[in-house]
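Keep the viewer open as you read.

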Amino acid sequence: MTDAPPDAATLRLAVALADTGDLGATGTAFGIGRRTVAARIAQLERKVGAVLFDHAGKRVRLTAAGEAFIGEARLALAATDRAGRLARAIADRPLAVAIGVTTEALFGPVRALLEDPAFVDSGLALAVHVMTREDQAAALADGRLAIGFVAPPLPALPRVQHHVVATSKWSAVVPDAEARLRKTASLSQLARKPLVTLEADAAGLARHTLTAALRATGAEPAFMQEAPDWSSVMAMVALGLGSALVPSIVAKRLAIGGATVLPLVEAESLAPWAIHAIWLPQPAGTAAAQAIALVRSRLD
């Protein structure tokens with residue numbers, strides 16, 4: 001075993017062998033022969049001081065030590081790739097900043113950011129990518145995004161920072177035919193009707209909050225339909241498939257014929273819907289760092 005860490009090229013070779021389980025296929029991918037692959041892996045194992053691969057079968061397999069090593073190697077290579085992207089960002093000084101958003105964030109904080117005079121005067125341009133919470137976390141980790149906008153639960157990323165950038169009370173959305181009978185809606189009324197809701201993965205913690213509030217009325221809510229985003233939820237309501245609880249800021253900006261937005265009697269007592277901006281620390285002087293500073297100072 002030697003103290004010098006393995007170089008990135010050797011780590012990539014080891015990861016590729018772990019993925020393919022074949023010396024020949026790995027060698028072909030790297031433009032070298034299988035004997036060269038075997039020699040470099042053997043050299044890596046001597047450097048590490050542990051046997052990483054089992055060559056006894058038809059396919060090369062990881063040992064227990066190899067499983068641990070390759071897992072860390074993947075993280076190290078991802079960090080190296082991210083470091084390269086950050087270095088190029090500083091060298092090139094790009095003005096476009098990539099941000100990730102869930103669909104609901106488009107109706108609140110992103111619109112507010114784009115309309116903010118401080119952002120307009122900054123000269124920054126945004127490249128907006130509509131992505132799930134999980135995809136945003138992955139893109140932040142490897143440097144493809146500067147900022148993400150998500151609803152809780154927040155992704156568990158090392159060094160991730162976050163800031164609440166939008167909150168909203170809840171409104172009831174009901175089919176037009178029901179709206180003619182009342183000017184407001186209550187949780188007790190909604191709990192006894194068919195409901196449309198976001199899919200569990202998209203709803204996050206909000207679904208648990210709303211479910212608990214509906215159950216507190218003494219009825220078990222009947223979630224009959226699920227949708228991937230709020231616009232689909234409201235469209236299903238317009239079709240008469242049920243009623244829904246929707247963030248007020250979203251409901252008021254989504255005008256869908258056949259669905260009426262009503263004030264919720266208990267809106268003040270419900271935990272508000274929230275959107276967080278999430279990011280990893282960025283080098284000072286980059287466009288990404290400037291955008292993060294704007295988000296922190298302007299979107300409160």
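Glu-178, Arg-182 and Lys-193 are joined in a network of salt bridges. A salt bridge here is a side-chain nitrogen of Lys or Arg within 4 Å of a carboxyl oxygen of Asp or Glu. Before you zoom in, note that this is a predicted model, where local features need pLDDT of at least 70 and side-chain atom pairs count only at pLDDT 80 or more, while totals for chains, interfaces and linings use all residues. Residues are numbered from 1 along each chain as its sequence is written, and side-chain values use heavy atoms, with hydrogens and water left out.

Glu-178 forms a salt bridge with Lys-193, and their closest N and O atoms are 3.7 Å apart. This pair ties together distant parts of the chain: Glu-178 sits in helix α8 (residues 176-179), while Lys-193 is 15 residues away, in the loop between α9 (187-190) and β8 (194-198). Helices (H or I, at least four residues) and strands (E, at least two) are DSSP runs, numbered from the N terminus. Lys-193 counts as partly exposed because its relative accessibility is 24%; on this scale buried means under 20% relative accessible area, exposed means over 50%, and partly exposed is in between (1.4 Å probe, protein chains only).

Where else do charges pair up? By the rule above, the count comes to 9 salt bridges. One of them joins the side chains of Glu-226 and Arg-207, at 2.9 Å from N to O. Here too distant parts of the chain are linked, with Glu-226 in strand β9 (residues 222-227) and Arg-207 in helix α11 (residues 205-215), 19 residues apart. Glu-226 has 41% relative accessibility, so it counts as partly exposed. Another salt bridge brings Glu-220 and Arg-215 together, with 3.0 Å from N to O. Glu-220 counts as exposed because its relative accessibility is 53%, whereas Arg-215, at 46%, is partly exposed.

Arg-133 is part of helix α7 (residues 133-141), and it counts as buried because its relative accessibility is 10%. Leaving out residues up to four places away in sequence, Arg-133 touches Thr-102, Val-150, Ala-151, Pro-152, Pro-153, Pro-155, Asp-201, Ala-202 and Gly-204. A contact means heavy atoms within 4.5 Å.

Leu-294 is another buried residue, with a relative accessible area of 12%, and you'll find it in helix α14 (residues 287-298).

Finally, zoom out. The chain has 14 helices and 12 strands, and its C-alpha trace spans about 80 × 50 × 30 Å along the principal axes. Of the 300 residues, 41% count as buried. Among contacts with a separation of 6 or more, 74% come from residues 24 or more positions apart.
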